[in-house]
Amino acid sequence: MIRYVLGRLVYGLVVLALVTVFVFVAITFIPSDAVDVMLADTGATEEQAAAMRSELGLDRPVWEQLGSFLGNAVQGDFGRSFYTDEPVVDLFLDRIPITLQLGGLALVIGTVLGLVLGIIAAVRRGTATDGAVRVTAVTFLSVPNFVLGLLILTALGLWFAWSPPFVYRGPTEDFVSWAQHMAIPAIALGTASMAGITRMTRSSLLENLGSQYIRTVRAKGAGERLVLFKHAMRNSVIAVLTLIGVDLATVLGGTVILEQMFSLPGTGQLVYQAVLDRDYPVVIACTIFYAGLFIVTMIIIDLLYAFIDPRIRAAREAGR
Amino acid sequence: MQADPAVRDPDRVADAGTPLLEARDLVKHYQIRKGVLGRPVGTVHAVDGISFAIPRGKTVGLVGESGSGKSTAARLVSRLIEPTSGEVRFDGQDVLAMRGKEVKALRRRMQMVFQDPFGSLNPRLTVGDIVGEPLEVHRVASGRARTDRVVEVLETVGLSGRDLHKFPHQFSGGQAQRIGIARALATNPDLIICDEAVSALDVSVQAQVLNLLKRLQRELGLSYLFIAHDLNVVRYMADELCVMYMGEIVERGDGDAVFADPQHPYTQMLLAAIPGHDPVTARAQERGVATGEVPSASAPPSGCRFHTRCPAVFDRCPTEHPPLYDAGQPGRVAACHLLDEPRQVQRA
Amino acid sequence: MSSDVAGSPLAPVVPDQPRSGDRTPPTPSSSEAPPRRRGAAAAWAGLKRFIRTEKLGAVSLALITVFVVMAVFAPLLAPYDPLQQFRRNLTEAPSGTFWLGTDDLGRDVLSRLIYGARSSMIVSVVTTVVSLVLGTLIGVTSGFLGKRKDMVIQRLMDAIQSVPPLVLLLFLAVVLTPSMSSTIIALTIVITPSFNRVARAETMRIREETYIEAARATGSSSLRTMVKHVLPNMAAPMMTMASLLFAGVIIAESALSFLGIGTPPPTPSWGGMLSSGARYVELAPWMIIAPGLILSVAVFAFNLLGDALRDFFDPRLQR
Ligand SMILES: Nc1ncnc2c1ncn2[C@@H]1O[C@H](COP(=O)(O)OP(=O)(O)O)[C@@H](O)[C@H]1O
Ligand code: SF4
Ligand SMILES: [Mg+2]
């Protein structure tokens, strides 16, 4: 098991290193006059522009830039914001709790609702309830999260003249305000996962229960039905876990747009603002941080897998 | 692998002229690798030093349980895979020394028919395209001429021009196998390797396909390497028989002779499994019938590989690897120490 | 050529006609065999079967046709010039004159919606097609090469996929100057690994099929084998994937425009319309509802199509 975990960590580091390489290869495509564009309105002199280029490392070959970035990175220095001069790590760590709250809430809402609806649809297979659940699922799969957020805002504004708070307050500071602030974006983000998980739970349950379940339901008592159901559920959870892994990227990406819409000062807002400001060091470091976040979570999901199903663990250990 | 004295002299195998195909001391080992770094953790002895020859216009049968290395042998002689060591000659040419174009030219003369009739036909192509593929690949014919040739071979195998535009799934298993045979015939090859070509078919259908293959051999002068795990089938087809066990040929000789009087305990075991096969029943009663599981190909038993299952096992077997001993009639050999015993007795 | 269409006797010469136990897939008997079907004819026949067996798929195709017509014939369909500003009719509610109302600059929402289909469809079609080709190429090559090369290529793909799509798009927005082609390039980078994944898995599966070995034994070159035998056999899952990813691309394109880094204004785009509407949530809700709904319906249509294709191609669900 320890070897398996270590293997996963090494693999994660390799992928993260590749992300870094990708990022630095990509920034060589930044148009050379980017700095001029950046400084256009500031009235900076040509010397200042040159200083900026060298600080950005735009005057050095990629490999050198990459090398110095990695060299600093292992010491915990991922660069500084161009405008505030704050270390990007600090900026990111300050804001990540909000993003994790939002993303976590969204995944919890999506998973719980998805499992419940999926089970209902599977148990009531073929009935109107089943049909309604499935139509709901496909519908919610199709409404982009930011559109859903906007539509909810519009509805609440029109019918109740209510709008969420503008200023973020942490859950310990003012729980009610926090909950009001988080609710709509979390729901908007979570519904797509909900839809996917509903479908997955339904089909996987039906597959695992199969005809055997139907027979037992007819012939045996409730106790045995429960045992069978539990067994099928266990398999379904594995399938659902995979799906959560896939959703994770979407949810993390979704936080960017919803944080912006609902003025939640998370890392999404940080990156977005940095993109608008062309604050390269922030954009670069944050891209890598996001990848790290994703990779770590995927490793956790992988370990959960192994925890839930020892057979998977055995197979993976053998395969690697 | 020890040199095999019986095969050193090819004349002892081939009855007339140079054989069409000759395999000598063919070996194929697969490394089993594990982990990201691909550490080798074992070796599968898929084929371990086999030699045989296919005379022109004749059929050599290859029998043995599943996993004994028959398909690997077929892939080796057609150079679908590279051997670990050994030699293959086709019509006197060194097959293993061939490069790109020569290999392609070889493929034109040496075709294959596979076990799974549907699996070996691309489900997205029409019969015309499937059977016409070799013609296209080897630039034998295109357009109208290709269609004509395809219809011709389709008719040869008992199908017709009407089937040209159908897809494989529209046929029965027997018909599908005929399509596979038609494809093999398209370029007018000299040798066709049939790897379990009828094993997936119903018994009644099997007979029809076997008869077709026999007829084609008579009419076109084809040679076959005929692989099967079913002895009855091979018996019907083969002029000469090679029995394989765990990557080795353990008995070889004239087909009828081997059937009438099997020398190797493994061959006897295979024959005993055929209901109502007398010579073996007699012998089996003498010694008891072999049972048990086939050992792992990555850890073959020492000495005689059959010793873990052999009812006649004795002290030499686990330690000494049996070479192919002469087994009475000319051209008959078997790798069993029992055949060495009488001579030792004589010498004593 | 077409003598086999109908009424032909069950079996011509073939002796082994009785199909007792030997493996016979549940297919129409050979007397119903379709005539030569290639290219357009085959596609047409497949389409008809698809519409017949997949009712929801037919609905999705109808919806998609509407969007394509909107995109192609926008100038004919739109009641007004989408850029024309009716200064006296700012944020006007839907009426007989402006069916879906006007926006904050007095532009006709319906016309902008119709023209918006253009940016959306162009970006999505080009992105999907390019990524499909690229991803297939990479996946098939990687799957065929195997071993170390495969390993390197796949880890690179993992790397791209480990950055959340929208974050990656933001990063690329910094690298590329904003334009429609930049949007397409960025989206292609994001989507290609998904196609690669499916193509590679399919290649690994097909590679083990006997017909691949048969092709090799016949003398077919690697290239020919790939083109003639591997690619056609992975068409089904790739099409399903393309449809589902198309839906994702529509969303991503509008998200980028919403964030102001996609289709640059004043070119009408659904995302851009939503973003200006977001400022008038209570004053002019139609500015949000109209593009929000049409965007969702477009995504819905492609999701539905993907589902229908999946069922259509699923051998376990063969009717
Ligand atoms: N590509 C391969 N890699 C590893 N082992 C293989 C490979 N191909 C065949 N083998 C092994 O070689 C042995 C012989 O296989 P095969 O030639 O297919 O036997 P047969 O055709 O007689 O059933 C088996 O143990 C099989 O598992
Ligand atoms: S050598 Fe020994 S073990 Fe092998 S077949 Fe002969 S008697 Fe049996
Ligand atoms: Mg075999």
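1. Chain C has 12 helices and 0 strands. Read from the N terminus, the elements of chain C run α-α-α-α-α-α-α-α-α-α-α-α. The model is a predicted one, and the points below should be read with that in mind. Of the 319 residues in chain C, 50% are buried. Among contacts in chain C with a separation of 6 or more, 70% are between residues 24 or more positions apart.

2. C:Ile114 belongs to helix H4 of chain C, which covers residues 109-145. Its relative accessibility is 8%, so C:Ile114 counts as buried, the cut-off for that class being under 20%. Leaving aside residues up to four places away in sequence, C:Ile114 touches C:Met70, C:Ala74, C:Leu77, C:Ala78 and C:Pro79. C:Ser179 stands 65 residues from C:Ile114 in sequence, and the two C-alpha atoms are 20 Å apart in space.

3. Next, the contact between chain A and chain C. Chain A contributes 47 residues to it and chain C contributes 43. Between them the two chains bury about 3,800 Å², and 80% of this area is on carbon and sulfur atoms. Area of this kind is a usual way to express size: the size of an interface is often given as the accessible area lost when the parts come together.

4. What polar and charged links are there between chain A and chain C? The count of residue pairs in polar contact is 5, with both residues at pLDDT 80 or more. The count of salt bridges between the two chains is 1. A:Arg199 forms a salt bridge with C:Asp307, and the closest N and O atoms of this pair are 2.7 Å apart.

5. On the side of chain A that touches chain C, several helices supply at least two residues each: H1 (2-27), H6 (128-142), H7 (145-160), H8 (175-219), H9 (222-261), H10 and H11 of chain A. Sorted by class, this side of chain A has 37 nonpolar, 7 polar and 3 charged residues.

6. Which residues touch the most other members of the largest nonpolar core? They are A:Phe146, C:Phe171 and C:Trp270, in a core of 144 residues. H11 of chain A gives the most to this core, with 15 residues. A:Phe146 touches A:Ile257, A:Leu258 and A:Met261 in chain A, and in chain C it touches C:Ile251, C:Ser254, C:Ala255, C:Phe258, C:Leu274 and C:Leu295, with residues up to four places away in sequence not counted. Another core lies apart from the largest one; it has 60 residues, including B:Val153, B:Ala182, B:Ala184 and B:Leu210. As background, nonpolar side chains tend to be buried together in soluble globular proteins.

7. Two backbone angles deserve a look. Most residues other than glycine have a negative phi. A:Arg278, which is not a glycine, has a positive phi near 55 degrees. A:Arg278 sits in the loop between helix H10 (267-277) and helix H11 (280-308) of chain A. With 24% relative accessibility, A:Arg278 counts as partly exposed.

8. The other case is in chain B. B:Glu196 also has a positive phi, near 55 degrees, and is a residue other than glycine. The loop that holds B:Glu196 runs between strand E7 (191-195) and helix H7 (203-220) of chain B. Is B:Glu196 buried or exposed? Because its relative accessibility is 7%, B:Glu196 counts as buried.

Definitions and conventions:
Residues are numbered from 1 along each chain as its sequence is written. Chains are lettered from A and ligands numbered from 1 in the order in which they are written. Side-chain values use heavy atoms; hydrogens and water are left out. Helices (H or I, at least four residues) and strands (E, at least two) are DSSP runs, numbered from the N terminus. Buried means under 20% relative accessible area, exposed over 50%, partly exposed in between (1.4 Å probe, protein chains only). Contact means heavy atoms within 4.5 Å. Buried area is the accessible area (1.4 Å probe) that two parts lose on being put together, summed over both. A salt bridge is a side-chain nitrogen of Lys or Arg within 4 Å of a carboxyl oxygen of Asp or Glu. A polar contact is a pair of N or O atoms within 3.5 Å; within protein, one must be able to donate a hydrogen and the other to accept it, and residues adjacent in sequence count only if both atoms are side-chain atoms. Ala, Val, Leu, Ile, Met, Phe, Trp, Tyr, Cys and Pro count as nonpolar, Asp, Glu, Lys and Arg as charged, and the others, Gly among them, as polar. A nonpolar core is a set of buried Ala, Val, Leu, Ile, Met, Phe, Trp, Tyr and Cys residues joined through side-chain atoms within 4.5 Å.
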